[in-house]
Amino acid sequence: MFTINATMRDVVLLLARLLLAVLFLVMGWGKLTDYSGAVAYMAQTHAPFPAISAAVATVTELGAGLALLAGALTTEVALALAVYTLVTGLIGHPFWSMSGMMRYDNMIHFYKNISIVGGLLALAAAGAGRFAVTRPRAAA
């Protein structure tokens, strides 16, 4: 049976944080560098108050992505991002109201969001590990 020792567990948690952070940093950076495009996308998806939604998404994705990368408040950030990712999936990929290839494409994106939520919840439960700005809490 394969087991993960404490050091390997910390390395895997670091890798999980880095891989999850990449998504939010890339998407947040894209919104920051093409804010008008982000606003147009928000309007297209019928997000409330597109300019405000784009600003909130940009700050959330960049800020939370950096926090995950550093391992700062990982449990809290991962839980917040799980909710954020679920909501963005519901707003941005409503495949149930589409047909044809658009339905198929958005269904893939929606379920990718759901899978990312699962990864974020696992990270929230496991914590950041030893290689993080915020030190792990003692087990209760």
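Modeller: In what follows, contact means that heavy atoms come within 4.5 Å of each other, and helices are DSSP runs (H or I, at least four residues, strands being E runs of at least two), numbered from the N terminus. This is a predicted model, in which local features need a pLDDT of at least 70 and side-chain atom pairs count only at pLDDT 80 or more, while totals for chains, interfaces and linings use all residues. Residues are numbered from 1 along each chain as its sequence is written, and side-chain values use heavy atoms, with hydrogens and water left out.

Along H3, the residues Ser53, Ala54, Ala57, Thr58, Glu61, Leu62, Ala64, Gly65, Ala67 and Leu68 are buried, where buried means under 20% relative accessible area, exposed over 50%, and partly exposed in between (1.4 Å probe, protein chains only). Their cover includes helix H1 (6-33), helix H2 (35-44), helix H4 (74-92) and helix H5 (100-126).

The loops on either side of H3 deserve attention too. Most residues other than glycine have a negative phi. In the loop between H2 and H3 sits histidine 46, which is not a glycine and yet has a positive phi near 65 degrees; this histidine 46 is exposed, at 70% relative accessibility. Just after H3, glycine 71 takes a positive phi of about 80 degrees, and leucine 73, in the loop between H3 and H4, has a positive phi of about 50 degrees although it is not a glycine.

H4 has 19 residues and spans 25 Å from its first C-alpha to its last, close to the 27 Å expected at 1.5 Å a residue. Its buried residues are Thr74, Val77, Ala78, Leu81, Ala82, Tyr84, Thr85, Gly89 and Gly92, and they pack against H1, H2, H3 and H5.

The whole structure holds 5 aromatic pairs, a pair being rings of Phe, Tyr or Trp (its six-membered ring) with centres within 6.5 Å, called stacked when the planes are under 30 degrees apart, edge-to-face when over 60, and tilted otherwise. One of them joins phenylalanine 95 and phenylalanine 110, whose ring centres are 5.5 Å apart with planes at 55 degrees, so the pair is tilted. Because phenylalanine 95 lies in the loop between H4 and H5 and phenylalanine 110 in helix H5, the pair ties together parts that are 15 residues apart in sequence. Phenylalanine 95 is buried at 8% relative accessibility, as is phenylalanine 110 at 9%. Phenylalanine 110 also pairs edge-to-face with tyrosine 111, at 5.1 Å centre to centre and 85 degrees between the planes, and tyrosine 111 is partly exposed, with a relative accessible area of 44%. Together with Trp96, the residues Phe95, Phe110 and Tyr111 form one aromatic cluster.

Note on methods
Expected span 1.5 Å × (residues − 1).
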